[in-house]
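Hi,

Here is the structure I promised to pass on. Have a look at it first, and my notes follow below.

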Amino acid sequence: MNGIGARLSAFWLAWKWVVLLLVLLGLSVWLNVHQWKQAITAPLRAEVKAKDQALTTSQGLLTDMQESAARIEKASSTVASNLSQASRDFRRAATERPLAVGCAPGPGRINSVNRALGAPSEAQEHPP
């Protein structure tokens, strides 16, 4: 048995370096393949990252645009309401006191125009 044990010990002593080198070679090949795949896919990953960033920016712009549209819609409804009120005031003032030819408009008409333009009317400044 001693002869077989010595032979196996010598066999393993010689082949353990072969096995170790094969393991290191396999690890090296795996790392090279991994680096090769990374190099090949780098342009695609950069393009995907750029598109993701563009999508994120677009979503931010869309959100800002929707908020702006809501503010503009609210402001336009306020302006429309003010103009509608000014139109009613002007019509009421025009029917209550029609102008004679060559006469200047009365304070009711001026107040309605001022209200339409956003300025306080004289009646609002000086209540009766």
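**What I found**

Reading from the N terminus, the elements of the chain go α-α-α. That comes to three helices and zero strands, where helices (H or I, at least four residues) and strands (E, at least two) are DSSP runs numbered from the N terminus. Before you go further: this is a predicted model, so local features need pLDDT of at least 70 and side-chain atom pairs count only at pLDDT 80 or more, while totals for chains, interfaces and linings use all residues. Residues are numbered from 1 along each chain as its sequence is written, and side-chain values use heavy atoms, with hydrogens and water left out.

**Helix H1**

H1 covers residues 2–96, which is 95 residues. From its first C-alpha to its last it reaches 133 Å, close to the 141 Å expected at 1.5 Å a residue (the expected span being 1.5 Å times one less than the number of residues).

There is a bend of about 45 degrees in H1 at threonine 41, and proline 43 follows within four residues. The bend is the angle between axes fitted to the seven residues ending at a residue and the seven starting there. The side chain of threonine 41 also reaches the backbone oxygen of lysine 37, at 2.8 Å. Threonine 41 counts as partly exposed because its relative accessibility is 30%; buried means under 20% relative accessible area, exposed over 50%, and partly exposed in between (1.4 Å probe, protein chains only).

**Buried and exposed**

Of the 128 residues of the chain, 6% count as buried. In H1 the buried ones are Ala86, Asp89 and Ala93. The accessible surface of the chain is about 10,700 Å², and 68% of it belongs to carbon and sulfur atoms (Shrake-Rupley method with a 1.4 Å probe; for residues, only the protein chains shown count as cover).

Valine 23 sits in helix H1 and counts as exposed, at 53% relative accessibility.

**Salt bridges**

How many salt bridges does the structure hold? Two, taking a salt bridge as a side-chain nitrogen of Lys or Arg within 4 Å of a carboxyl oxygen of Asp or Glu. Side chains of opposite charge can pair when their charged atoms come close.

- Glutamate 47 pairs with lysine 51, with the closest N and O atoms 3.1 Å apart. Both lie in H1, four residues apart, about one turn of the helix. Glutamate 47 is partly exposed at 41% relative accessibility, and lysine 51 is exposed at 53%.
- Arginine 92 pairs with aspartate 89, with the closest N and O atoms 3.3 Å apart. About one helical turn separates arginine 92 and aspartate 89, because they are three residues apart in helix H1. Arginine 92 is partly exposed, with a relative accessible area of 46%, whereas aspartate 89 is buried at 4% relative accessibility.

Cheers

How values were computed:
Polar contact = N/O pair within 3.5 Å; in protein donor to acceptor, adjacent residues only side chain to side chain.
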